[in-house]
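Subject: Structure handover

Hello,

Here is the structure I promised to pass on. Please open it and keep it beside you while you read.

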Amino acid sequence: MENNTSASYFNLTMFLNIGNYRYPAFVLCLLLCAFIISANLVIIVAIAREKSLHEPMYIFILFLSVNSLYGTAGFFFRFLRDLLSDSHLISRPACFTQIYVIYTYASYELTLLGIMAYDRYVAICQPLHYHNKITARMICKLFVIAWIYPAVAVGTCVYLSSRLPLCDNKIPKVFCANWNVVKLSCVSTVLNNLVGMFVSTSTVFLPLAFVLYTYIRIFLICRKCSPEFKSKVIQSCLPHIITFVNYSVTVFCDVSLSRINLEELNPLLAIILSLEFVVIPPILNPLVYGLKLPEIRKIMLRTLCSKPAQAVKA
C-alpha cells in the first residue's frame with residue numbers, strides 16, 4: 001500500500017453509496033437539523049426564563065440541550081455540505097476537529113446522564129439529605145469534572161491519532177471517526193489502543209455502569225414503598241431512563257460499527273446506523289423532556305401561546 005503520510009486530506013467514501021438519493025437526503029437532514037436546533041433552543045429558553053425551573057434537575061436538562069446543539073453543529077453543518085458536493089474530501093485539521101467535537105459531545109452526554117442519575121438517586125433514596133448534598137457548589141464541581149475530563153481525555157486520543165503516519169486516506173463513513181483513522185496507520189498503534197481503551201472505559205462504560213447502579217438502588221427502594229410513591233418516581237425518572245436506554249443503544253451501535261467493515265453491509269443500512277449515534281439523541285432529548293415532564297411542558301405551551309396573543313393585541 002502506498003505510503004500517504006503527507007496526505008493533507010481524508011476521503012469520506014460512504015458518500016459514494018448515497019448516489020441519487022443525496023437531494024432527498026439533504027432536504028430530510030436539513031429539516032432534522034432545523035428541528036433539533038429549534039426544539040433544543042425552546043427547552044433552553046423555557047428553563048432559563050422560568051425561575052421556578054432553576055433547580056438541579058432542570059439545569060441538567062438545559063445542559064443536555066446545550067450539548068445537543070454542540071454535537072449538531074459539529075456534525076450536521078459539514079454533513080449537509082458534503083451531501084450536495086461531488087467531492088467528499090476533508091482536510092486533516094477539519095477531520096480531527098470533527099472527531100474531537102463529536103467524541104466530546106458523546107462523552108459530555110454520558111457524564112451528564114451520570115450526574116442526573118446521581119441527582120435522582122439522592123432525591124429518591126436520601127430525600128432528607130438532598131439539599132445538603134445537591135448544593136450549588138456541588139453542582140458546579142460536578143459540571144467542571146463532567147466537562148473538563150472528557151475534553152482532556154478525548155483531546156489526548158485525537159492528538160495521538162494526529163501524530164500517526166498513515167498509509168491511506170479513505171474513511172468508510174460519512175464523518176470522521178478516531179478508530180477509522182487509527183486503522184490507516186503504517187506503524188504500531190498499541191499506545192493509541194491502550195489510551196483509547198482507558199478513555200472509553202472512563203467516559204463511556206463507567207458512567208453507564210454508574211447509571212445502572214443508581215437505578216438498581218432506586219428500584220430496590222421503590223419495592224417497599226406505596227403505589228403513589230412509585231408513580232411519582234416513575235414520572236420523575238422515566239425521561240431519564242428513556243434517554244439513557246436510547247443513548248446506550250446508539251453508543252453500542254457506534255462501537256460495534258467501528259469494529260466491522262461497513263462496506264460489507266447494505267449501503268443504506270450502514271449510513272443509517274452511522275448516523276444514529278449523532279442524530280437520534282439530539283432529536284429525542286427535547287421530545288422526552290419537553291413532553292414527559294409537566295413543568296417544562298406547561299412553560300413551553302404558555303410561551304408558545306403567549307406570542308400569538310401578543311401579536312393579536314398589537
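Below is what turned up, topic by topic. Keep in mind that this is a predicted model.

**Disulfides**

A disulfide is a covalent bond between the sulfur atoms of two cysteines. The structure holds two of them.

Start with Cys95 and Cys176. Their sulfur atoms are 2.1 Å apart. Cys95 sits in helix α3, and Cys176 sits in the loop between β3 and α6 (178-182), so this bond ties together parts that are 81 residues apart in sequence. The torsion about the S-S bond is about -125°, so this disulfide is left-handed. Buried or exposed? Cys95 is buried, at 0% relative accessibility. Cys176 is buried too, with a relative accessible area of 0%.

Now look at Cys167 and Cys186. They form a disulfide with 1.7 Å between the sulfur atoms. This pair also links distant parts of the chain, 19 residues apart. Cys167 is in the loop between α5 and β3, while Cys186 is in the loop between α6 and α7 (190-222). Cys167 counts as buried, at 16% relative accessibility. Cys186 counts as partly exposed, at 30%.

Count the bonded cysteines along the chain and the pattern is 1-3, 2-4.

Cys140 is partly exposed, with a relative accessible area of 48%. Cys222 is buried, at 11%.

**Salt bridges**

Side chains of opposite charge can pair when their charged atoms come close. How many salt bridges does the structure hold? There are two.

One joins Arg78 to Asp82, with the closest N and O atoms 3.1 Å apart. Both residues lie in helix α2 (residues 56-84). They are four residues apart, which is about one turn of the helix. Arg78 is buried, with a relative accessible area of 18%. The cut-off for buried is under 20%. Asp82 is buried as well, at 1%.

The other joins Arg120 to Asp119. Here the closest N and O atoms are 2.9 Å apart. Arg120 counts as buried, at 11% relative accessibility. Asp119 also counts as buried, at 1%.

**The cavity**

How many cavities of 30 Å³ or more are there in the whole structure? The search finds one. About 70 Å³ of space lies in the largest cavity. Its lining has 10 residues, and the closest to its centre are Met57, Met116, Arg120, Ser236 and His240. By class, the lining has six nonpolar, two polar and two charged residues.

**Two more places to look**

Go to Asn169 first. It is found in the loop between α5 (136-162) and β3 (170-171). Asn169 is buried, with a relative accessible area of 17%. A polar atom of the Asn169 side chain lies 3.4 Å from the backbone oxygen of Tyr9.

Then go to Val245, in helix α8. Val245 is partly exposed, with a relative accessible area of 44%. Val245 and Leu208 are 37 residues apart in sequence. In space, they are 9.7 Å apart, C-alpha to C-alpha.

Best wishes

Notes:
Residues are numbered from 1 along each chain as its sequence is written. This is a predicted model: local features need pLDDT of at least 70, side-chain atom pairs count only at pLDDT 80 or more; totals for chains, interfaces and linings use all residues. Side-chain values use heavy atoms; hydrogens and water are left out. Helices (H or I, at least four residues) and strands (E, at least two) are DSSP runs, numbered from the N terminus. Buried means under 20% relative accessible area, exposed over 50%, partly exposed in between (1.4 Å probe, protein chains only). A polar contact is a pair of N or O atoms within 3.5 Å; within protein, one must be able to donate a hydrogen and the other to accept it, and residues adjacent in sequence count only if both atoms are side-chain atoms. A salt bridge is a side-chain nitrogen of Lys or Arg within 4 Å of a carboxyl oxygen of Asp or Glu. On a 1 Å grid over the protein atoms alone, a cavity is a set of points where a 1.4 Å probe fits but cannot get out, and a pocket is an open set with protein on both sides within 12 Å along at least five of seven lines; lining residues have an atom within 4 Å of a point. Grid points are joined across faces, edges and corners, and a volume is the space filled by probe spheres set on the points. Ala, Val, Leu, Ile, Met, Phe, Trp, Tyr, Cys and Pro count as nonpolar, Asp, Glu, Lys and Arg as charged, and the others, Gly among them, as polar. A disulfide is a pair of cysteine sulfur atoms within 2.5 Å.
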